Amino acid sequence: MVSQVLVALALSLVGGLSTSFGALLVIVNETPNLKMLGLLQGFAAGLMLSISFLDLAHNAINSIGFLKGNLWFFGGVIFFAFIANFIPEPTLAPISKKDEGGKDTLKKQRRQVLFSGIVTAIGISLHNLPEGMAVFLGSMKGLRVGVNLALAIALHNIPEGVAVALPVYFATQSKWQAFKLATLSGLAEPLGVVIVAYLFPSSLSPEILEGLLGSVGGVMAFLTLHEMLPLAFDYAGQKQAIKAVFLGMAFMSASLYFLEISLPQDMSL
């Protein structure tokens, strides 16, 4: 149990700190390449869809039955839909730096933008908590599920880092403040691992674990269809985004195969 928690914590750190990479994109280039971010979202969406439908939901239905598996799956959908309704993810709206109304207007605009950046960071932090919990539950199932979830979430979190750092950098003109706030918002992901690990009973039945993983599949499916695919379409265009989605699905299949043949036989997958 302790080793599984440490693995989940390490994987969630990778996902959480990818928001720092998004902040670095802002620091290096204040106008991030939105098309590239859109392609990353499409690629991550392909990973997520493969995990959700071909792995987590599929295994849950096979393990605990069609009815129970679907109830757990759609329970996860409803849970994350509720979260998204109150804490919507921000979009990467362009920020104008034109001073059209004098210094007072510019100061007021910067205060407003800074406030929006802080609210965005809080929202993303709350949004990342269930993602960290999902990585933990996936790691409890096996290294294969945990690694794939962490990879998909890490790619998804890069634009979140941009969304936090861009308004903060504009308002404060401080690279450090932009990087720090984006990083702190990402650290909510390993915090989610710590919370669920503390509450997670070590004697949980296999049926409940499979049901929880089915719920994780529902969470990932909703996240993909509600947030990631629309962003991919907006930033990369529909045709390019669809190509990225299927590339992500193919990459997931290949990663599952190579991970399975490369790990020792006694290691859980």
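First, the ground rules. Residues are numbered from 1 along each chain as its sequence is written, and side-chain values use heavy atoms, with hydrogens and water left out. Because the model is predicted, local features need pLDDT of at least 70 and side-chain atom pairs count only at pLDDT 80 or more, while totals for chains, interfaces and linings use all residues.

Now the overall picture. The protein chain has nine helices and zero strands; here helices (H or I, at least four residues) and strands (E, at least two) are DSSP runs, numbered from the N terminus. Read from the N terminus, the order is α-α-α-α-α-α-α-α-α.

The protein chain has 269 residues, and 49% of them count as buried. Buried means under 20% relative accessible area, exposed over 50%, and partly exposed in between, with a 1.4 Å probe and protein chains only. The accessible surface of the chain is about 13,200 Å², and carbon and sulfur atoms own 69% of that. Those areas come from the Shrake-Rupley method with a 1.4 Å probe; for residues, only the protein chains shown count as cover.

On contacts, meaning heavy atoms within 4.5 Å: among those with a separation of 6 or more, 88% join residues 24 or more positions apart.

Next, the salt bridge. The structure holds one, defined as a side-chain nitrogen of Lys or Arg within 4 Å of a carboxyl oxygen of Asp or Glu. Which side chains meet in it? They are Glu-207 and Lys-68, at 3.0 Å, N to O. Glu-207 sits in helix H8 (residues 206-236) and Lys-68 in helix H3 (residues 66-86), so the pair ties together parts 139 residues apart in sequence. Both ends are partly exposed: Glu-207 has a relative accessible area of 40%, and Lys-68 is at 42%.

Helix H8 also contains Pro-206. Pro-206 is exposed, at 65% relative accessibility.

Last, the helix pair. The axes of H2 (residues 34-64) and H8 come within 7 Å and cross at roughly 155 degrees. That makes H2 roughly antiparallel to H8. Axes are lines fitted to C-alpha atoms, for helices over the stretch in contact, and angles run from 0 to 180 degrees between N-to-C directions. Angles under 35 degrees count as roughly parallel, over 145 as roughly antiparallel, 65 to 115 as roughly perpendicular and the rest as oblique. The crossing of H2 past H8 is left-handed, that is, the near helix is turned anticlockwise from the far one by less than a right angle; clockwise would be right-handed.
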